[in-house]
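Please walk through this model with the coordinates open. The text takes up confidence, salt bridges, pockets and backbone angles in turn.

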Amino acid sequence: MIEEKLLMEKSFYETFLIENESTLHPIEVLGAAFVEEQQNEPYDLSYIRYAQGEVYFHSKDFEAAIFKWESILNELEPWAKKNIADSYYALGMLSSAEDVYTGISTEDTVLTMEISLQLFHLYIERNKLKSAYRIIEKALNIDPDYPLVAQLAKSFYEEQQDYKNAVGLGVKESIRTGDQVWFRSLLEYAEMGYTSEFTPNYFYDVLITVYEKDRQLFRELVQSLWESYRVVPATHIEWMTTVNTIFEYVETEPGERWEDISSQFQNAYLHFLEKGYLVKEIEGIMPDLLTNWLKISKQEQPLFASAAVMAWNDVFSYSIDPVIVEEAENLLLQGEYPAFKMEETILLLNKIIDWSEKNEAPVSYKSRWIAEQLLDTSQQYLVVAGSESSGKSSFVHSVLGESVGEAEHSTVVYRYHRDQVEVTEVHDRGAEKVESIADFEELMEREAFVEYKLPSEFLQKNGSALIDVQANSQGLKDLTSFYPAADGLLYVLNADSPFNAEDRKTLRALKEIGQPVNVHFLLNKMDKIDHAGRSEEIIDSVQVKAREWFPDAEVLPYSSLEAVHLQQSGVEAFLKNHYFLNPGTLKSERRVKLFYLVRKTLKDLFAQRKNQEHELKDTIEKNKDILVRLNGFHTYLEDMQNDKTKAIKDSFRKKKEEMKKEVQKKIPQILSGCSELITEESDFRQIHTELNEAMNERIQTYIQEDLMPRYVVLLENWLQSSRQELQDGQDYLNEMSGTFNELFGKDRVVLECDFQVIDDWRRDVGRMGSRAQIDKENILLRFKPGQFLLKSAGKLFGGIPQNKNLLYSQYKRYLENEDYSETAASVVNKFFVQFDLFEKSLDQDVKSFFAEPFNQLDLTIKETEAEVAADEETLKKMKEHPERYFDPITLFEVKLLHDEYRMQAGAGSTRPSY
């Protein structure tokens, strides 16, 4: 059998040279062999021709080589075809070479690999990258151990920047070969971030392989992969699942350095606690994470891991193996650890506050301010409280050496400042400098407390700050905030009425807090006790009662009226003996107080959400009830508007119709009465014209001097009654505005009508009253039979004296008996036309009067409906995903417990903090 290496290297011809041991050129040797073989019967020249092709190929006579190889028909035929393709490749005939390569059919693995490698290079040269991918993957699947195949694939993937395939190849080769070269390649890819496209579980097998071969390289690879997966929350959790599974298999050995991996576990633990994860997302991975973390860290720095195990198990009971919990507890008890830094607790509090602001449940800045003051151990904070009658402020001012204003409402924190007075207002949203002391009194009216720095000898000498809490509801609220954080409480009692109802209420509230605080009492106004024996009796009685409240309490008698310098040393001695602590003890107690403040903040946030839900429910129910009332009131307002319109129009119409009837009746009387103007001496030829003029004059006189003045009076009365009608409506609207505003709890509904309507009516009435002139009526100048005969007779016989008596009688009879109803109707129509138009406009006028209340009512209904919808949506979201709010609080509680365990482990330590 022919050795495949000879065929691969095209050196099969050398076998003929060895056999002949000749120094002749291979062409001569093969030519002689060719002649010799022809002498045989039968003969086979295939092998010689194959060898001759190789020699021609090496001599770059590729056409001759192709000619020789084309005649090969024995078992070397596939290799001959491959060599023909190589010749075409060498000639640059890439298309022909590809056709020949792809046309070869063989089951020989070596030949297949050689063909694949040649095609791979050819495809790259022809820029047929898809084919190059296909052929190299085929080669890797056939024989990944074949020389240079894996390295060629690696280089190709990197050149194409196809790191997905490069990483995949690195994983497969690492597992298959266990070669550090591939481990290093994979580490390099991880460090460059190319591994993040894969699911973490993809690297499980390769990590196990690396761990078994090279533990140091394993740690480096784990760390690099960790860095790439920690950015995306979903993959970070999946990565932790993979890590937990892997580290169940990992065992630590003495001398191994796991600090970097331990830091990764610590960062992951803190990340999951502080970055808004839900409990359900991490509760499956945290127990194993903590167990594995403790396993690799217990030989070096087990404090963080041990405290984390204890904290998690306290909140999520029985989630961690009891053996692991016991081991963590023992490590905390037996180890020597550095003292816990209070700044870490402040940092945690700030993180909680930042989270609360993002979740629309902001924590008051006052809480942060109080916590930050505890970091300053150069000052000890003494809260001074008492009832309104205790004279507490007088005591504070007496020891400070000056009066700083009447702090009737706000808590004041007095601190030493060497140069000058500085005042800062501390409120829920932040702190602001007060530039003018004149504004100090104004500050007392706001729900804030005041930091008052002043050059006080007492404060400087005693290294203390006094917190003067006022005796009111806001003061009690401040007292319960400052009390658990203070280094001590000095409660001021009135010697006339110690432990009165107000004192007992305050002290009971402090006892309910349950936080240990150093409490003592100052018995003020002792100057009012007129007998020394009586004073001793009162002091002893107060001492007994004080210890019923606080067993270690002491009592200091004091008089704010007595000279301060006579009592100063006594006060200072009392404070020094009963309050002031050495720096070590003070720091230890401050840490405990800080933890209390943070825990109280978390409890308040928890309760705040519950209260928000209850408040939302109450607000929705209240607004829905208000909506029903608003809609009902809207309907009632429509009815009221219609009623007012009807009443006003009916009143106006009634007065107008009365006047119309009068005019209808009066005009005929006036016109009939004009008969008295006719005499026998009248000029009957012009009498009809004169009478017509006289009649119009009498009508105008009646309208202007009689009718109109009386009508204006009636309209003025109508205006007064209409105004009252509308005012009654406004009064009712004002009453309803008050009712709705009371329901809303704020001034929201303002139903103001437009009284400009009344002014417009008064103007219109005045204008109509001044337009009493109407057009003349054609009364006697019409073409009526009677009038025609009279006018004709007057013209014919008016100049004859004998006929005047007859004409006089006829005209007089005619005027007295004529029907003037048509004329009266015409006068009524002309005179009342503007009043009719005015009446028609009353509907729109009354509507405009009520337009603004309707607009406001519609707007209020719309806004209230929107508020109800928004509140219902908010409440729905709260109920749908309550864990999004409560889970972070729970995880902050875990972090707080973690810090507490660290603090307890480092208590009394002289080692420096990390």
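Residues are numbered from 1 along each chain as its sequence is written, and side-chain values use heavy atoms, with hydrogens and water left out.

The confidence score is pLDDT, given by the predictor for each residue on a range from 0 to 100. The protein chain averages 83. Of its residues, 89% score at least 70. Two stretches need care. Over residues 786-791, pLDDT stays under 50. The model has 15 contacts for that stretch beyond four places in sequence, a contact being heavy atoms within 4.5 Å. Residues 793-800 also stay under 50. For them, too, the model has 15 contacts beyond four places in sequence. Where pLDDT is low, the predicted coordinates should not be read in detail.

Now the salt bridges. The term requires a side-chain nitrogen of Lys or Arg within 4 Å of a carboxyl oxygen of Asp or Glu. The whole structure holds 48 of them. One network links K646, D650, R653, K656, E657, K660, D836 and E839.

Helices here are DSSP runs of H or I with at least four residues, strands are runs of E with at least two, and both are numbered from the N terminus. D650 also pairs with R653, at 3.0 Å, N to O. R653 and D650 are three residues apart in α30, so about one helical turn separates them.

How open are these residues? K646 is exposed, because its value is 52%. D650 is partly exposed at 30%. R653 is partly exposed at 30%.

A further bridge joins K656 and D836, at 2.6 Å, N to O. This pair links distant parts of the chain, with K656 in helix α30 and D836 in helix α35 (residues 821-849), 180 residues apart. K656 has a relative accessible area of 4%, so it counts as buried.

Turn to the pockets. The search uses a 1 Å grid over the protein atoms alone. A pocket is an open set of points with protein on both sides within 12 Å along at least five of seven lines, where a lining residue has an atom within 4 Å of a point. Grid points are joined across faces, edges and corners, and a volume is the space filled by probe spheres set on the points.

The largest pocket has a volume of about 620 Å³. It is lined by 20 residues, of which S364, S367, S481, K600 and D604 are the closest to its centre. Helices α22 (365-373), α26 (473-482) and α30 (583-673) each supply at least two lining residues. The largest share, six residues, comes from α30. By class, six lining residues are nonpolar, seven polar and seven charged. Here nonpolar covers Ala, Val, Leu, Ile, Met, Phe, Trp, Tyr, Cys and Pro; charged covers Asp, Glu, Lys and Arg; the others, Gly among them, are polar.

The second largest pocket holds about 320 Å³. Its lining includes K358, N359, E360, R609 and Q612. Helices α30, α36 (851-880) and α37 (883-906) each give at least two residues. Helix α36 gives the most, with three. The lining has two nonpolar, four polar and five charged residues.

Last, the backbone. Most residues other than glycine have a negative phi, and most peptide bonds are trans. Which residue in the loop between α9 (129-142) and α10 (149-159) deserves a look? That residue is L148. Its phi is positive, near 70 degrees. L148 is exposed, at 62% relative accessibility. F499 also has a positive phi, of about 55 degrees, although it is not a glycine. F499 lies in the loop between β7 (488-494) and α27 (501-513). Its relative accessible area is 6%, so F499 is buried.

Technical notes: Predicted model: local features only at pLDDT ≥ 70, side-chain atom pairs only at ≥ 80, totals over all residues. 1 Å grid on protein atoms, 1.4 Å probe; cavity = no way out; pocket = protein on both sides within 12 Å on 5 of 7 lines; lining within 4 Å. Buried < 20%, exposed > 50% of the residue type's maximum accessible area, 1.4 Å probe, protein only.
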